[in-house]
Structures are given as structure tokens and as C-alpha cells.
Amino acid sequence: MRSLIYVELLNALLNPVRHRVEEIEINNQNLARLFCKMIPAYCPFARDIKILGKTVLHIPPLCKLNPLYDQLMALRFRSLSYLADICGEDITAYC
């Protein structure tokens, strides 16, 4: 019961931030490039721990634990789309 209250409180605090990130409009090439550089395309925390060439431990990507993960990925996608569709820029360097 108490943990449910904490989850609801966290969601109440994060929902305004989520909405602000979702409302960001990409209409500037430099801003789009900045977002593409700052938001990684993949989770940088996934690791395989190997000993003598054998994997003994796999640490899964923890990005899904980030409460803003979906909004940030959508922002990165909008930035990439803007650069490719509107600006005609080659986006392979950001992928």
C-alpha cells in the first residue's frame, strides 16, 4: 500500500516533465543535432562480464528504469526525422 502511494507521488511529480519533453517542437537544425548527440541511440549501460573468454554475468540495459526513457527516445526520433526529412541531412553519423 505504501509503495503504491510512492509510485503515484513519483508519477504526479514526473508527469509535468514528461509533458514538457513531449511538447518540444524541433524546428531548428542546431537544436536537432544537439538532441541527437546528447540522447544515445542505445543504452550505454548493458555489459557482459567475461572471465577467461566466457560470459559469467550479463548486466541488462537499465534504460527502461529511467522514467523519462520513452519521451527522450521520441524526442531523439523527432530530431532525427527533422534532420533527415526537412534539412535533407545524412543522419547515419547519429545512429
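This is a predicted model: local features need pLDDT of at least 70, side-chain atom pairs count only at pLDDT 80 or more; totals for chains, interfaces and linings use all residues.

Residues are numbered from 1 along each chain as its sequence is written, and side-chain values use heavy atoms, with hydrogens and water left out.

Start with helix H1, which covers residues 2–22 and holds arginine 18. (Helices are DSSP runs of H or I with at least four residues, numbered from the N terminus.) Arginine 18 is buried but has no salt bridge. Buried means under 20% relative accessible area, exposed over 50%, and partly exposed in between, with a 1.4 Å probe and protein chains only. A salt bridge would take a side-chain nitrogen of Lys or Arg within 4 Å of a carboxyl oxygen of Asp or Glu. For arginine 18, the nearest side chain of opposite charge is glutamate 22, 7.0 Å away; Lys and Arg count as positive, Asp and Glu as negative, while His and the chain ends are not counted.

Valine 17 is in helix H1 too. Its relative accessibility is 36%, so valine 17 counts as partly exposed.

Now for the neighbour: helix H3, residues 69–86, packs with H1 at an angle of about 10°, their axes 9 Å apart. Axes are lines fitted to C-alpha atoms, for helices over the stretch in contact, and angles run from 0 to 180 degrees between N-to-C directions. H1 is therefore roughly parallel to H3, a label for angles under 35 degrees. Arg18, Val21 and Glu22 of H1 make the contact with Gln71, Leu72, Leu75 and Arg78 of H3, where contact means heavy atoms within 4.5 Å.

Methods:
Helices (H or I, at least four residues) and strands (E, at least two) are DSSP runs, numbered from the N terminus. Angles under 35 degrees count as roughly parallel, over 145 as roughly antiparallel, 65 to 115 as roughly perpendicular and the rest as oblique.
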